[in-house]
Amino acid sequence: MKLSVCSGGYTRFFIHDTSEALRYFANLGYQAIDLSIDSSYDGLLDDPDGSHAKTVKNVAKECNLLLYQAHAPASADPTDQKLVKNLEKTIEVCGYLEIENLVIHPFPTDDISQAIPLNAEYFSQFTPLLDKTGVKLCAENLGNYNDVRHHFKTAEMLNGLVDKVGKKYMKVCWDTGHGNLTNKDQYENVTKIGSNLGCVHIHDNYYPIFVPGEQYAFDAHNFPLFGNINFDAFIQALIDINYKGTFNLETDTPNRRGHRDFVYNGEVTLKLKPIPFEIRKKSDEMLFYIGKYMLETYGLWED
Ligand SMILES: [Zn+2]
């Protein structure tokens, strides 16, 4: 199984140029990339002559990196017309870059009975473009354990959406961290998703350890094995369903921190944020070896 990493935490904060980021990941040893087109700060969605996408495609090829999946722009508002245009552009870019799986966030709804019909109707508008490009949308599990508006927390709901939109156009992206925050069994849900699983988001957190006074557990996007998710259960599920995608790390450590503000002499003090890139680089080396260790332990590492 190829070891993959999400580009967003880098292109947003550290390396804005996507091609440079791809070279950085390839040097660390990664074999595949989850391209954050939503947080590309060098304009993959604003590329009228396609030259930028062409450069990214060439650099990925030169670095022997598989562009397997991408992050789509997301919103909680299905009436947002800008989102429709941006999703169309993203699907076109994925088609050109031969990215098979585009991860979308299903919309929250007040009423669970509306969750599948509303999302199926919304995402079905893109089927002609999905036919043309060969891209599949992957619905991601979202939410928190006490979140009453996000209903796509289980294999049953995600599979229900796939059935309604059609397997030709939609698959599932299982996010391990969100699965933990919603208190779901990783093995049970991943095996039920089965052949509908297109790709994964791997990160860790500490459900049910709460931030005092907060009504939710924190979506920390920690390195795997730095929280309380049972990754033996998750990897065994991937093996048992004969998953053929990549092992994709969607971590954001040590950038994403749910700390309280500290006000000193009337000013919010954040001297230790953001983390300098030199420290991030050291932690990236470690992240690669954690992913490799997890795959090697299960005989899944590919040279
Ligand atoms: Zn995710």
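1. A quick definition before we start: a residue counts as buried here if 20 or more other C-beta atoms lie within 10 Å of its own. Also keep in mind that this is a predicted model.

2. Have a look at strand β4, residues 101-104. Which of its faces are covered? Both of them: N101 and V103 are buried on one side, and L102 and I104 are buried on the other. As background, side chains in a regular strand alternate between the two faces of the sheet.

3. Now for the neighbours of β4. Strand β3 (residues 66-71) runs parallel to β4, and three bridges join the two. To get from β3 to β4, the chain passes through helix α4 (residues 81-97), making a right-handed β-α-β crossover.

4. β4 also pairs with strand β5 (residues 136-140); these two run parallel as well, with four bridges between them. Here you can look for L102, whose bridge partner in β5 is L137.

5. Over to helix α2, residues 18-28, where T18, A21, L22 and F25 are buried. Why do these residues sit on the same side of α2? Because they cover an arc of only 100° around the axis.

6. What covers those buried residues of α2? The cover includes β1 (3-6), α1 (8-13), β2 (32-36) and α3 (51-62).

Technical notes:
Residues numbered from 1 in each chain as written. Predicted model: local features only at pLDDT ≥ 70, side-chain atom pairs only at ≥ 80, totals over all residues. Buried ≥ 20, exposed ≤ 12 C-beta atoms within 10 Å, placed from the backbone. Pairing = 2+ DSSP bridges. Right-handed = clockwise from strand over helix to strand, strands pointing away. Arc of directions from axis to C-beta. Contact = placed C-beta atoms within 7 Å.
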